[in-house]
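Subject: Structure handover

Hello,

Please find the structure below. My notes on it follow.

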Protein chains: 2
Amino acid sequence: MQLTGWLATLDGMQRDAERTRRQILVAATEEFAERGIAGARVDRIATVAGCNKAMLYAYYGSKDGLFDAVFTAYVELYLAEVGFDAEDLPTYAGRVFDYFERNPGHLRLATWYRLERPQGAQLDAVVAVNAERLGALKEAQSAGEVPADFSPVALLSLIQSIATSWSTMNPEYRAAQPARTVRRQAVVKAVELLLHR
Amino acid sequence: MQLTGWLATLDGMQRDAERTRRQILVAATEEFAERGIAGARVDRIATVAGCNKAMLYAYYGSKDGLFDAVFTAYVELYLAEVGFDAEDLPTYAGRVFDYFERNPGHLRLATWYRLERPQGAQLDAVVAVNAERLGALKEAQSAGEVPADFSPVALLSLIQSIATSWSTMNPEYRAAQPARTVRRQAVVKAVELLLHR
DNA sequence: AGGATGTAACTGACTGGTTGGATAGTTCTA
DNA sequence: TAGAACTATCCAACCAGTCAGTTACATCCT
């Protein structure tokens, strides 16, 4: 074992491509979540990441490439952490709520993506998961586990909106927001009512 | 009546401060809706408005001042056109849906506003209308016209989210969207279910 | 063991183009 | 002709992206 390398790792000053990559991604996630693509500044990202701006271009190619990396990482984490359950949609909605309460920046990221990305650019992972969920919902409806008032895509759309409704209110309403548990309860309850439960 | 002025108005070539103001506002509304504050370009706005960039600064002071004017105009139109009815919330939700179907840019505008505006800046008009609506909802609940499962602020938040749910989906889901009437029906029905109707 | 060497990680300084905003001067019209 | 409406032109700051060069480190050679 290399003693020099080991000690350097402890005080964190050695060269480490992977660590630098990660630090850039973390800094970029903050910056993009806060300011969007057009508002983000690559110099600020480099400063916060504690590295030179050129590293950012070496690892991610461009500002847009960096945003793609940030957004893809978020989507992967989100899909893995929240999952889906066509047979228990209120609980699913609760998990969506929890995720974005824990990571408010990620909801902003998703919104920037929707606003700033040209129509064409779609993530394969999202498209695939989407199709899978629509199928699962259809089956659950056929099996009578989910009422058929709404089409699968309507259900998905409504539940997503309801789960994030508190965070997407205009700032003027923010003052009136109740505590987290109350907000969560409203989300779960609303989805239950949608499903006649 | 001034004949010269009248004719000139018809072919639109005379000087007219009010017309120029309006054209700037229209062009700016498009630009800001499409690209947000950080992404908007004042030169593009001036070009589309068919006037010199300096006029924009003469009338609206700054890029931010122009955005404020754009956003305030949208809010006024929205409040006047959509209104509110605590005793018939499904219909209200339908009107919200209709408004944003007619003016998809305005929903984007509202989203940019939420993302790009610092917390502090709140519109008095919105705050006032908000308080009024919360009061009306509370009364309707006391009178038993609206069920009390949800607090007034929760109702407002949920209904707003549901009414705009189709437009706030990520682009990956856009392909699966049904026709307008179907979408509208889903919105109205969802609000009815929230209210046990 | 210790010096030479190749290479990946990293840096500082720079650039060409863009951007919000300013200003001095011109044209129109009441 | 006074003043409002409007234009042409300019500018300093900024910004994404580049590049020539430097530093650290692993491996090999003797």
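The surface near DNA strand C has nine nonpolar, five polar and eight charged residues. Here Ala, Val, Leu, Ile, Met, Phe, Trp, Tyr, Cys and Pro count as nonpolar, Asp, Glu, Lys and Arg as charged, and the others, Gly among them, as polar. A residue is near a strand if its C-beta atom, placed from the backbone, lies within 6 Å of it. Two or more residues each come from helix H2 (17–39) and helix H4 (53–60) of chain A, and from helix H1 (3–11), helix H3 (42–49) and helix H4 (53–60) of chain B. Helices are DSSP runs (H or I, at least four residues), numbered from the N terminus.

This is a predicted model: local features need pLDDT of at least 70, side-chain atom pairs count only at pLDDT 80 or more, and totals for chains, interfaces and linings use all residues. Residues are numbered from 1 along each chain as its sequence is written, while chains are lettered from A and ligands numbered from 1 in the order in which they are written.

DNA strand D is surrounded by 23 residues, the closest being A:Ala54, A:Lys63, B:Ala17, B:Thr20 and B:Asn52.

UniProt, in an unreviewed entry, places a "DNA-binding region" at residues 41–60 of chain A; its positions are given in the numbering used here, feature names are shortened, and annotations may be inferred rather than shown by experiment. That span is 80% helix and 0% strand, with its end C-alpha atoms 15 Å apart.

Now the two protein chains. Chain B can be laid on chain A with an RMSD of 0.1 Å by a turn of 180° and a shift of 0.0 Å along the axis (least squares on the C-alpha atoms of residues with pLDDT of at least 70 in both). The copies are thus related as by a two-fold rotation axis.

The contact between them takes 44 residues from chain B and 45 residues from chain A, where two residues are in contact if their C-beta atoms, placed from the backbone, lie within 7 Å. H9(B) gives the largest share of chain B's side, seven residues. That side divides into 23 nonpolar, 14 polar and seven charged residues. Because 100% of the interface residues of chain B are also interface residues in chain A, the copies meet through the same surface.

Regards
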